[in-house]
Amino acid sequence: MAIIRIVSNGQEATLETHKITQPIGNEPEEENVQLVSGTVLVSRYVIQDVIGVGGMGSVYLARDQHFPNVVKLVAIKEMINRAPDALIRKTIVQNFEREANILASINHPSIPRIYDYFSSGNRSYLTLEFINGKDLEAIINETPGFLTEERVLGWAIELCDVLQFLHNHKPDPIIFRDMKPSNVMVNLQDHIVLVDFGIAKPFLVGQKGTMIGTEGYSPPEQYRGEAGPLADIYALGATLHHALSRRDPRLEPPFSFGERPLRKINQAVSAELEAVINTALQYNPEDRFPSAEAMKEALIAAGRKTGVLNRVGTATASIQPQGGIKPLWTFQCEDEIRGGPMYYGGSIYIGSYDHNLYSLNAADGKLIWKYATDGGVVTRPAAFEENIFVGSEDKLLHVVSSRTGKIVWTYYTEGRVHSSPRIAEGHIFFGSDDQRLHAVKLLSGRAAWRFEAPAPIRSTPFIAQEMVYFGCEDGDFFCVDFRGQLKWHYKAKMAVTSSPWVADGVVYFTSLDGMLYALDARAGWVIWRFRMGKGSISSPYLMDGLIFVGSADGNIYAIDIHTAKETWRLKTDHQVNGSPTIYKDALYCGSVDGNLYCIEYKTGRLRWKFASKGPITGTPLVYDDIVYTGSVDHFLYALLA
Amino acid sequence: MKKSILSWLHKKKDNSVSAHTDVNTVPLPESQIEGLLEHGPHMEPQQFISGCGQSIGKQRDHNEDCVFTISISIGGEKSSYPLGLYVVADGMGGHQYGEIASSVAARTLSGYILRRFIPYLSNPASPMDESIQDLMRAAINDAQRAVTQAAPGSGTTLTAALVLGQQMTIGHVGDSRAYAVHPYGGGEALTRDHSLVKRLEELGQISSEEAAVHPQRNVLYRALGQGEILEPDIFTAPFPQAGYLLLCSDGLWSVLPDSTIFKLITSAKDLQSACQSLLDAANDAGGPDNISVIVVQLKT
């Protein structure tokens with residue numbers, strides 16, 4: 001692995017990490033002296049302050065001078081190698097490098113990023129992401145009274161997540177080995193970050209059964225030098241026990257957690273959570289959870305049972321990220337924007353309740369043209385060969401030239417159009433409040449066929465394998481072929497307003513009855529159902545074996561499509577009626593609470609949220625790293641993704 | 001430019017718009033559609049065919065495994081979808097309890113599932129209220145109750161595949177296995193073993209070579225009949241197209257490498273001979289345990 005280094009004579013060079021031994025700057029070579037504020041390392045980092053002192057050296061807050069226009073802060077961890085023997089010194093440096101390389105190659109929100117590393121003489125330095133927050137030990141000491149179960153459960157789940165990540169590392173699992181409150185940082189968003197990856201750990205040679213770790217939190221087998229992933233689980237249990245009981249295990253006899261039952265000390269702890277922690281603290285590794293993943297599932301199950309989990313997300317999602325998100329541009333319509341935008345040929349097309357369809361320049365939001373219908377436009381437009389298709393509450397499907405904004409043709413239905421159109425195989429398909437699904441030929445503008453349903457159709461049809469799938473307002477869900485013949489139908493208990501998603505022979509859709517359904521796309525059998533807290537009009541989005549959807553219960557869910565198990569959920573402050581969309585590794589979804597959420601889709605971690613001044617009910621659009629979303633506050637926003 | 005935008009617009013969802021931008025699209029007449037759909041040898045109705053086999057093995061004196069298979073095909077005017085249920089159970093426990101446990105588990109589960117399907121078979125228009133996964137879960141719970149009553153203290157593995165049309169739903173507890181075998185070589189295990197040794201292997205504590213000879217390799221941390229709360233693995237996946245579904249007890253997979261198993265299946269002339277070769281190979285390798293195999297194919 002190579003690091004680019006600017007050496008002192010101004011030339012850039014690419015060096016292998018393990019070959020760096022030349023002098024690195026003007027820092028003092030004296031033994032064991034802490035660097036003072038103002039010292040510059042490798043002509044780049046200016047030491048500001050000491051933020052920690054450890055057994056092997058100090059941790060400094062420094063400023064990276066490579067970013068002159070902003071104050072870029074980093075943490076620099078120092079390791080002063082005091083071993084008397086030259087061979088041991090070399091081994092320590094090699095260990096340092098090996099662990100630095102491993103950390104440089106992993107990427108997890110709960111692990112600080114490594115930016116740089118260098119060593120010289122008997123000192124080694126690691127430049128890390130600076131985590132602004134406090135460690136858990138400080139929080140425990142500074143909080144009067146007990147910490148709440150909500151907070152601790154939230155941290156516990158995140159800690160299991162990062163342990164799971166480390167334990168599943170390929171080719172070799174990474175065992176943290178030093179889980180304890182002082183190694184768990186809690187940042188300003190109340191998320192945890194693990195610090196101190198054993199880089200500053202002394203390498204003890206010649207001692208019987210190399211004991212690595214901190215007394216009190218380590219499991220029995222670690223004293224025998226046999227620390228595996230289950231040791232991390234024990235240490236996590238010990239950390240949680242300390243956090244909830246305020247009793248430091250280092251001050252007690254080892255492995256005596258059984259003598260201090262949690263609920264005896266802190267009555268507010270639920271029996272379910274106590275049971276999970278007790279399992280993690282079992283003396284024999286085989287009696288603990290078999291994996292961090294199993295412990296995480298147990299924690300989630302405990303949180304669900306006690307209802308604590310519903311409150312966990314709120315604590316994190318309602319904290320505003322540092323510095324508001326600024327839109328790239330905004331555009332104001334004369335009334336609410338309920339539907340989603342569409343991109344075509346460099347323009348963004350969006351409809352509004354003010355009866356207009358707008359064409360805006362995607363890059364700067366300038367109006368290109370607007371086209372007036374006679375009713376609210378609440379659907380997402382579709383595009384085909386220079387024409388834009390959109391339905392309106394004036395009962396028509398309007399076909400407008402994308403260049404001129406002038407009408408090309410219209411198609412009449414007998415009801416308001418609330419369903420966004422879908423184009424496939426030379427036809428355009430959409431539903432209407434006149435209870436029909438219309439299939440219109442693009443060339444002629446005439447209906448190829450119309451399918452009669454028992455109730456208005458507001459869901460956007462999904463076309464797959466020459467079948468058309470859609471729901472209607474009385475709960476019926478239909479599969480119709482390209483000739484308009486019914487293949488099968490299923491009846492949910494309440495309206496199916498949202499649009500389905502079909503993949504790999506399975507069709508997914510939500511209903512106002514609170515369920516997410518997975519049906520066999522050919523035959524219509526229900527494969528599984530997932531129950532949400534309340535009804536949903538949000539259309540699911542499928543990616544990577546997970547299906548994402550919102551619900552009126554305020555949550556955004558991620559469900560595994562094979563096992564129907566919830567992978568994560570994120571709670572917003574109001575109903576989630578809009579539908580999510582995914583771009584690269586993030587999920588974007590709006591909520592009635594006015595925010596557009598950007599969430600890492602694999603982990604459910606909130607990246608940022610943007611506050612508009614009204615509910616967001618449409619599906620956002622992401623194109624070329626820009627997110628476009630409309631809001632009931634009349635604005636269309638363009639944000640950096 | 002047009003084509004790339006269209007393909008971007010539609011690549012997010014599996015819509016049938018493909019590269020037809022420059023062509024005037026007109027719906028095809030019936031005859032042409034029929035002609036296009038006839039590609040290759042095509043079987044009506046779609047059906048599941050299966051073979052199964054059992055052997056006591058070379059070192060046991062009775063058989064504690066149980067297998068159950070049923071394949072239903074309905075052809076005719078109203079197209080119908082084939083249905084299959086395939087179950088392997090491997091019992092354990094002294095005093096003949098092992099064979100009681102596996103038999104009770106397999107029969108109870110199958111009985112439960114088939115009873116739910118009878119109304120649908122008689123009248124395809126009557127929909128099933130339960131979801132397939134809920135049905136599997138309920139059937140396994142029923143089997144758990146039956147086993148604890150009929151043979152208390154015993155245990156059994158249970159791996160059941162309910163295949164409907166193109167989707168298979170698998171309910172699984174223990175260390176019998178389900179595999180997807182590809183037609184031209186290769187395959188993968190669909191289930192994970194609920195054995196202590198597999199756990200250690202997953203955690204990187206031991207290697208797979210060590211796992212194969214570990215003295216505690218038969219210890220399960222989850223089995224039917226054991227423990228109060230049963231958490232089976234239940235998942236749905238598409239049936240291996242043009243390939244095979246293999247269900248087997250550990251009497252097969254613990255003595256033969258996966259590659260050998262796949263080869264014996266894909267090179268056999270029919271499913272019954274595939275099963276026979278698998279049993280023979282397992283016995284040649286020592287046959288330390290009862291061996292059960294079920295091989296399933298979907299003919300379309």
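In which order do the 4 strands of the open sheet that includes β34 of chain A come? The order is β33-β34-β35-β36, and the pairing is antiparallel. Keep in mind that this is a predicted model.

Let's stay with that sheet for a moment. Its edge strands in chain A are β33, residues 541–543, and β36, residues 566–571. Each of these two pairs on one side only. Neighbouring strands here are turned against each other by 20° on average, direction ignored. Now look at one pair. β33(A) and β34(A), residues 546–550, run antiparallel and are joined by 3 bridges. Find L542(A) on your screen. Its bridge partner in β34(A) is I547(A).

Here is a general point about strands. In a regular strand, side chains alternate between the two faces of the sheet.

Next, another open sheet in chain A. It has 4 strands, in the order β13-β14-β15-β16. The pairing is antiparallel. At the edges sit β13, residues 342–344, and β16, residues 367–372, each pairing on one side only. Neighbouring strands of this sheet are turned by 20° on average, again with direction ignored. β13(A) pairs with β14(A), residues 347–351, in the antiparallel sense, over 3 bridges. In that pair, M342(A) has Y349(A) of β14(A) as its bridge partner.

Let me zoom out to the chains. Chain A has 641 residues, and 50% of them are buried. Chain A holds 9 helices and 43 strands. Chain B has 300 residues, with 45% counted as buried. Chain B comes to 9 helices and 11 strands.

What about contacts along the sequence? Take contacts in chain A with a separation of 6 or more. Of those, 47% are between residues 24 or more positions apart. For chain B, take contacts between residues at least 6 apart. There, 70% join residues at least 24 apart.

Now the helices of chain A. Two packed helices are described by the angle between their axes and the distance between the axes. Start with α3, residues 149–167, and α8, residues 292–306, both in chain A. They pack at about 160°, with their axes 8 Å apart. An angle over 145 degrees counts as roughly antiparallel. So α3(A) and α8(A) are roughly antiparallel to each other. The crossing is left-handed. On the α3(A) side, the contact residues include L153(A), A156(A), I157(A) and C160(A). On the α8(A) side, they include M295(A), L299(A) and G303(A). By class, the contact of α3(A) with α8(A) has 9 nonpolar, 3 polar and 3 charged residues.

α8(A) has another partner to look at. α7(A), residues 271–280, packs against α8(A) at about 165°, with the axes 8 Å apart. These two are therefore roughly antiparallel as well. The crossing of α7(A) and α8(A) is right-handed. α7(A) contributes E272(A), L273(A), V276(A) and A280(A). α8(A) contributes residues including M295(A), A298(A) and L299(A). The contact of α7(A) with α8(A) divides into 7 nonpolar, 1 polar and 2 charged residues. Note M295(A) and L299(A).

On to chain B. How many of the 9 residues of strand β11(B) are buried? The count is 8, so β11(B), residues 291–299, is largely enclosed by the rest of the structure. β11(B) pairs with β1(B), residues 47–55, in the antiparallel sense, over 9 bridges. In that pairing, G51(B) stands opposite V295(B). β11(B) also pairs with β10(B), residues 244–248. That pairing is antiparallel too, over 5 bridges. There, C248(B) stands opposite V293(B).

Last stop, a single residue. E600(A) lies in strand β39 of chain A, residues 595–600. Why does E600(A) count as partly exposed? A buried residue needs 20 or more other C-beta atoms within 10 Å, and an exposed one has 12 or fewer. E600(A) has 14, so it falls in the partly exposed class. Setting aside residues up to four places away in sequence, E600(A) touches D585(A), A586(A), R605(A) and R607(A). And Y588(A)? It is 12 residues from E600(A) in sequence.

Methods
Residues numbered from 1 in each chain as written. Chains lettered and ligands numbered in written order. Predicted model: local features only at pLDDT ≥ 70, side-chain atom pairs only at ≥ 80, totals over all residues. Axes fitted to C-alpha atoms, helices over the stretch in contact; angles between N-to-C directions. Parallel < 35°, antiparallel > 145°, perpendicular 65-115°, else oblique. Left-handed = near helix turned anticlockwise from the far one by under 90°. Contact = placed C-beta atoms within 7 Å. Nonpolar A, V, L, I, M, F, W, Y, C, P; charged D, E, K, R; others polar. Pairing = 2+ DSSP bridges.
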